Amino acid sequence: MTPTGGEGSEDDDHSGGHLGLACGGEGVDPMLDDHPLYLESFSRLHYELMTGDGPLPLPLRRYIAMMAACRHECTYLVEEQRAAFLEVGGPPEWLEGLQHAPKKLRDLHTSNLLLAHRPWMFDSQHVQKLLKNSWSVSELTHAVCIMAQFHALASFIIGTGVEAASGDITPLPSLYVQGCQSGSPNSQELSEGGVDILLERMRTLSVAQQDNCVSEEKTRKSFEKLRKQTATISTPDVECPTTGGGRYSHLSPDTDFMYTDFSKRGEKTAVPTIKSQDCSWEEHGFSLVSELYNNVADLLDDKFKTAYSLTYFTCGHETHVDTFPFRRGVWNYLHCLYGIRHDDYDYSQINQLLERNLKMFLKTVACYPERLSCTDPNLAIMKGFQQSEKIHVMILVLEARLQAELLHALRALGHCLM
């Protein structure tokens, strides 16, 4: 159910951008085999960030990636980047703890915390503090792109079960559970009816969208209502034995710092919502990255467009299906979790398209992926979807989270440079 962006060339070799632990049928690359167009755009960006020309030395790139992966206790990524760090000549003593790394990296810790868990709190003051020390604007932009990429990648890896397949932890329920659990009436209806109910709702919304123009007031009200509802969707808050209570706290301290709901029920948030007309990737983010770190601007843009538009016109057992309403709903729901409002969207559609259990899963995998091992193993999500379609949904999670985090970070950078 992913959007198409055109024909992708399979002749170019960009294996250096792949994650590297794909042997034995495990790893990220095999998960994306059914989505070659996206895999190509993913690999190009990943290669450029970690290996291509850029302002940061290779050991710093790998260490920053480790710091980012530590925020969600993603063993797969941490161990992969640890090995790569040593391979490019990174000093082994840095691995003993963040306090053994250079001050340049230690200064990045607060930014890593905020961008991973509460990116709306990252502001121009954090940028100014880093620039006054030893960071240049281009270096910081590179670092921000790496952190955002690996925060989002941790969600994908844990949510698809790659983390569990890496060996030393209890398998996660992840995407493949097909149990039964009731939720709200809409949730139960979708869970029981599965794809058939979703197909009918997508058809209805597609017809309605042809005739209606969403007013700014309707967008605002529906967004605020959804934002309050998301605060009532609980995620596991018990201590997860798989995380070891801060397994990588020596590389990224402050393990108690986590995501908090952007808006809580009955409370007015002091954090302003970002409206897409004021800060969008197309109008603002792309141009700023082009100016500060030109090498990755087009690659990021291509990856976002590929993920957002990719489709095979299938949904479960049905073919010739316009899945855009569902895909757009997933994307905009993820952005809502991070306080980004799209001005041309009626957010009441999300409650029609995403049943409560799916919304709970999406919130957990995007904001607290390390808690997935604590979710109810009988959680019913995406009943009737093909496995490749579930991976497709996780691609949307990865890219929507990545874009949301980058928009907050770039907004802060832009304000600082004005």
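Modeller: First, a definition: helices are DSSP runs of H or I with at least four residues, strands are DSSP runs of E with at least two, and both are numbered from the N terminus. Also, this is a predicted model.

Colleague: Fine. How many helices and strands does the chain have?

Modeller: There are 18 helices and 4 strands in the chain.

Colleague: And what share of the residues count as buried?

Modeller: The chain has 418 residues, and 57% of them count as buried.

Colleague: What about contacts between residues at least 6 apart in sequence: what percentage join residues at least 24 apart?

Modeller: In the chain, 80% of those contacts do. I391 and F156 are 235 residues apart in sequence, yet their C-alpha atoms are 8.8 Å apart in space.

Colleague: Where does I391 lie?

Modeller: I391 is in helix α18, which covers residues 387–417. The cut-off for buried is under 20% relative accessible area. At 2%, I391 therefore counts as buried.

Colleague: Let's talk about α8. How many of its residues are buried?

Modeller: In α8, 22 of the 24 residues are buried, so the rest of the structure largely encloses this helix.

Colleague: What span should α8 have, and how far apart are its end C-alpha atoms?

Modeller: Helix α8 runs over residues 137–160. At 1.5 Å a residue, its 24 residues should span 34 Å. The end C-alpha atoms are 35 Å apart, which agrees.

Colleague: Which residue follows α8?

Modeller: G161 follows α8, and its phi is positive, near 90°.

Colleague: Where is F313 placed?

Modeller: F313 sits in the loop between α14 (294–309) and β2 (314–315). Its relative accessible area is 44%, so F313 counts as partly exposed.

Colleague: Is H320 buried or exposed?

Modeller: H320 is exposed, at 77% relative accessible area. Its place is the loop between β3 (318–319) and α15.

Colleague: New topic. How many salt bridges does the structure hold?

Modeller: The structure holds 12 salt bridges. One of them joins the side chains of D107 and K103, at 2.9 Å from N to O. D107 is partly exposed at 22% relative accessibility. K103 is partly exposed too, at 44%.

Colleague: Which side chain does E224 meet in a salt bridge?

Modeller: E224 meets R227, at 2.8 Å from N to O. Both are in helix α12, residues 216–232. They are 3 residues apart, so about one helical turn separates them. R227 counts as buried, at 6% relative accessibility.

Colleague: And what is the N to O distance in the salt bridge of D344 and R328?

Modeller: That distance is 3.4 Å for D344 and R328. D344 is in the loop between β4 (340–341) and α16 (348–353), while R328 is in helix α15 (residues 324–337), so the pair ties together parts that are 16 residues apart in sequence. R328 is buried, with 12% relative accessible area.

Colleague: Which residues are linked in a network of salt bridges?

Modeller: E217, R220 and K221 are linked in such a network.

Colleague: Now S280. Where does it lie?

Modeller: S280 is in the loop between β1 (274–275) and α13 (281–292). S280 is buried, at 9% relative accessible area.

Colleague: What does the side chain of S280 reach?

Modeller: It reaches the backbone nitrogen of E283, at 3.0 Å. Leaving out residues up to four places away in sequence, S280 touches G285 and L407.

Colleague: Last topic, cysteines. How many disulfides are there?

Modeller: Taking a disulfide as a pair of cysteine sulfur atoms within 2.5 Å, the count comes to 0 disulfides.

Colleague: Is C315 buried or exposed?

Modeller: C315 is buried, at 0% relative accessibility. C416 also counts as buried, at 18%.

Methods: Residues numbered from 1 in each chain as written. Predicted model: local features only at pLDDT ≥ 70, side-chain atom pairs only at ≥ 80, totals over all residues. Heavy atoms only, no water. Salt bridge = Lys/Arg side-chain N within 4 Å of Asp/Glu carboxyl O. Buried < 20%, exposed > 50% of the residue type's maximum accessible area, 1.4 Å probe, protein only. Expected span 1.5 Å × (residues − 1). Contact = heavy atoms within 4.5 Å. Polar contact = N/O pair within 3.5 Å; in protein donor to acceptor, adjacent residues only side chain to side chain.
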